[in-house]
Amino acid sequence: MYPAQFDYIRAKSIDEAVTLLKQHGDAAKLLAGGHSLIPAMKLRLARPSVVVDIARIGDLSYIRETGGAIAIGAMTTHHDIESSTVLRDRSPLLAETAAHIGDVQVRNKGTIGGSLAHADPAADYPAAILALDAEIDVVGPRGKRTIKSSAFFLDLLQTALAADELLVEVRVPATAKSVAYVKTEQKASGFALAGVAAVVGADGIRVGVTGVAPVAYRAAAVERALAGQRTPKPETLALAASHAADGVQPLSDIHASADFRAHLAQVNAERAIAKALSRV
Ligand code: FAD
């Protein structure tokens, strides 16, 4: 299957990519790893007439510690995140999460920026990004702005990114060690039927859920039920986790019914929080 015809432009810099987005408006799409965009174009779910390739912009692929955070460039691949010693040593949740994505080929080409910008409801990173309370830097014609993860994912395949903005960097805390990601995947693709990320921090336990609803979310009811508890008893944890799908409308499709997804959210929330607590 071939995509509809399009013009291909390779941007050499962030500024050039932003200029091209501004110039072509809704007709343009950025190309990063291509592992979501190209299938969408082949299926005619996306039909850009201009594709702006950002894969060769060198200063968008890095993982480095800055102050109390680890900064990750948008073009950093899932494989680079999975195998990063900085992340594994200092803030392992994203590395653990990246290891769950697709297969080796997907992890070698797919990027964190592309995954977050695409906002697939079954993508893995959003759960971790929400639980880590990450910050996301974007650049557009109006300059640079920082979006909190809690304000980034808006709806199915929709984010707070404007059409003329480029996601350039993600920052996560450098000290989040008591973390875990537990998912039940769709066997053929690896996408999450229900993926839960847990972070145990000084300010409490944060829980991010993906795959269950049209958009990834913080399981606020679970977090509230565990507020102030450093070592919850197993029954307290189980009761808290039973609220993992509160307030959302679980998706239902050929892979899993809404009830099954809600059940998986609860089971995986209990397991992820227990695992994160065991790493304190
Ligand atoms: P692209 O496909 O290049 O772009 C995706 C979208 O984001 C496009 O709309 C593009 O314009 C936009 N975009 C890209 N970069 C930026 C940027 N810097 N700023 C603004 N917009 C941008 N994902 C999972 O999470 N878990 C899985 O288990 C999983 N399994 C997969 C299995 C298969 C077989 C395939 C093909 C994909 C799978 N994926 C999975 C998706 C994969 O992780 C993709 O790599 C990812 O969703 C998109 O990243 P990309 O770099 O390929 O982005």
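Predicted model: local features only at pLDDT ≥ 70, side-chain atom pairs only at ≥ 80, totals over all residues.
1. Start with the five-stranded sheet. It is open, with its strands in the order β4-β5-β10-β6-β7, and the pairing is antiparallel. At the edges you'll find β4 (63-66) and β7 (143-148); each has a single partner strand, so one side of each has no neighbour in the sheet. Going from one strand to the next, the twist averages 25°.

2. Inside that sheet, have a look at β6 (residues 135-140) and β10 (residues 166-173). They run antiparallel and are joined by five bridges. If you want a specific pair to click on, valine 138 has leucine 167 in β10 as its bridge partner. Helix α1 (residues 14-24) packs on this sheet and touches both β6 and β10. The direction of α1 makes about 125° with that of β10.

3. Now the other sheet: four strands, again open, in the order β11-β12-β13-β14, with antiparallel pairing. Its edge strands are β11 (179-185) and β14 (217-218), and each of them pairs on one side only.

4. Which strand is joined to β11 by seven bridges? That's β12 (residues 192-201), and the two run antiparallel. Across this pair, valine 182 stands opposite valine 196 in β12. Helix α11 (residues 258-278) packs on the sheet here, touching β11, β12 and β13 (204-210). Its direction makes about 30° with that of β12.

5. Leucine 45 sits in the loop between α2 (37-42) and β3 (50-53). Is leucine 45 buried or exposed? Its relative accessibility is 69%, and the cut-off for exposed is over 50%, so leucine 45 counts as exposed.

6. Last, histidine 35, which is found in the loop between β2 (28-31) and α2. This one is partly exposed, because its relative accessible area of 34% falls between the 20% and 50% limits. Which residues does histidine 35 touch, leaving aside its neighbours within four places in sequence? The contacts are Gln105, Val106 and Lys109. As for aspartate 253, it lies 218 residues from histidine 35 along the chain, and the C-alpha atoms of the two are separated by 22 Å.

Conventions: Residues numbered from 1 in each chain as written. Heavy atoms only, no water. Pairing = 2+ DSSP bridges. Axes fitted to C-alpha atoms, helices over the stretch in contact; angles between N-to-C directions. Contact = heavy atoms within 4.5 Å. Buried < 20%, exposed > 50% of the residue type's maximum accessible area, 1.4 Å probe, protein only.
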